[in-house]
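Q: Hi! Could you walk me through this complex before I start working with it?
A: Happy to, let's have a look together.

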Amino acid sequence: MKAPARAHPLWIAYIVHRLSGVALAAFLPLHFWVLAMAVSDPGRLDGFLALTEATLVKVAEFGLVFLLAVHMFGGLRVLALEWLPWRPAQKSLAAGAAAISFLIAGAFFLQAV
Amino acid sequence: MPSDVLHVTIDRANGPESFEVPAYDNQTVLDVVSWVQQNADPTLSYRFACRVGMCGSCAMMVNGVPRWTCRTHVSKVTDGAAIHVGPLRNLPIIKDLAVDMDPFFDKWVAAEGVHHGGLTRDDSIAVVDEGSATRVEANAGIECINCSVCYAACDTVAGNADYLGPAALQRAWTLLNDAKDEGSVAILDAVSGDGGCHNCHSMGSCTLYCPNELDPMSAIAGLKRETAKNFFWRGR
């Protein structure tokens with residue numbers, strides 16, 4: 001039997017949290033590789049950082065900051081759900097976490113361009 | 001009713017089978033399934049008893065959503081004039097729409113969803129303070145009728161056959177908060193194991209689809225807090 005309808009806010013919050021976590025984990029090796037250039041080959045690092053002026057890279061950075069923000073606020077929501085004795089308004093908090101993430105990522109993007 | 005015939009698809013052992021069922025103004029999904037069994041194919045197997053949302057035996061997947069078929073009006077779920085009915089998800093199928101509820105009830109017991117009495121007939125009845133915080137928590141989940149709708153809705157159950165599931169864990173939380181139950185150590189031990197409350201990802205499908213509007217997700221969150229407190233501050 002097919003799975004029940006999943007288009008409800010908490011299920012979406014769940015899947016966004018998992019996928020953003022996996023995506024961030026996948027990004028980390030690249031992140032450390034570039035950071036390591038600062039020690040091993042500063043000249044190459046400067047060349048690499050020049051790439052960040054490209055629009056495509058800026059858009060990718062927006063996505064990265066969004067992933068970080070949505071994972072952090074979604075994680076805070078889950079921590080609050082599990083550690084604070086509350087029950088209502090879970091959907092609003094999930095939506096709020098997404099909204100704050102968009103705000104931060106959007107602010108970063110506007111500042112970057 | 002936009003049409004006088006319903007196009008009903010029922011998942012059976014040999015795959016989905018289609019039926020044309022007369023549509024009426026007042027008609028539940030259970031009425032539709034019963035019409036098929038009584039007029040089209042007497043070999044169709046399904047399960048029901050009370051027909052009024054008290055017994056919890058008629059739950060099925062209706063257009064992909066677990067529901068009590070007896071309390072689901074056809075007009076609320078039809079997709080055009082089409083309805084797709086299947087057996088509850090996450091449970092072994094016995095035949096057609098009848099599932100084997102044994103795993104569900106076995107987990108109910110495995111989560112210590114049984115009464116742990118400490119008094120004898122000579123003792124006076126335990127005093128229950130209706131206004132206490134623990135009683136409010138216990139009352140919140142006490143109307144569960146074991147229909148397994150939440151169990152069928154849960155993706156964590158689908159992914160982990162050992163997971164106790166929302167209904168059993170909610171009952172454990174209810175008993176943990178019940179002044180008449182003295183099994184708190186056994187309950188916390190039962191729900192903190194491999195298949196216990198910490199498997200829950202708080203997807204909330206249990207709470208969304210519960211026909212009694214109960215909130216197993218929050219009950220499981222309560223168990224997570226209590227098991228963690230037990231682990232950090234009282235040792236295991």
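Q: In what order do the elements of chain A run from the N terminus on?
A: They run α-α-α-α. Chain A has 4 helices and 0 strands, where helices are DSSP runs of H or I with at least four residues and strands are runs of E with at least two, numbered from the N terminus. This is a predicted model, in which local features need pLDDT of at least 70 and side-chain atom pairs count only at pLDDT 80 or more, while totals for chains, interfaces and linings use all residues. Residues are numbered from 1 along each chain as its sequence is written, and chains are lettered from A and ligands numbered from 1 in the order in which they are written.

Q: Thanks! What mean pLDDT do the chains get?
A: Chain B has a mean pLDDT of 93, with 97% of its residues at 70 or more. For chain A the mean is 84, and 90% of its residues reach 70 or more. pLDDT is the predictor's confidence in each residue, from 0 to 100.

Q: Where in chain A is confidence lowest?
A: In helix α4 (residues 90-112) of chain A, at a mean of 80, whereas α1(A) is highest at 92. For the complex, the predictor gives an ipTM of 0.79 and a pTM of 0.87.

Q: What radius of gyration does chain A have?
A: 18 Å, whereas a compact globule of 113 residues would be near 13 Å. That radius is taken over C-alpha atoms, and the globule rule is 2.2 Å times the number of residues to the power 0.38. Along its principal axes, the C-alpha trace of chain A spans about 55 × 35 × 30 Å.

Q: And what share of chain A is buried?
A: Buried residues are 19% of its 113 residues. Buried means 20 or more other C-beta atoms within 10 Å of the residue's own, exposed means 12 or fewer, and partly exposed is in between, with C-beta atoms placed from the backbone.

Q: Switching to the interface, how many residues of chain A are in contact with chain B?
A: 15 residues of chain A are in contact with 23 residues of chain B. A contact here is two C-beta atoms, placed from the backbone, within 7 Å.

Q: Which element gives the most on the chain A side?
A: α3(A), with 4 residues. By class, that side of chain A has 10 nonpolar, 2 polar and 3 charged residues. Ala, Val, Leu, Ile, Met, Phe, Trp, Tyr, Cys and Pro count as nonpolar, Asp, Glu, Lys and Arg as charged, and the others, Gly among them, as polar.

Q: What does α10(B) pack against?
A: Its buried residues pack against α3 of chain A, together with α4 (133-141), α5 (149-153), α7 (166-176), α8 (184-191) and α9 (205-209) of chain B. Among those buried residues of α10(B) are B:Met217, B:Ile220 and B:Leu223.

Q: Nice. Which domains does chain B have?
A: The assignment gives domain 1 (5-99) and domain 2 (102-233), with bounds from an automatic or database domain assignment. Their C-alpha centres lie 29 Å apart. Between them, 15 residues of domain 1 are in contact with 15 residues of domain 2.
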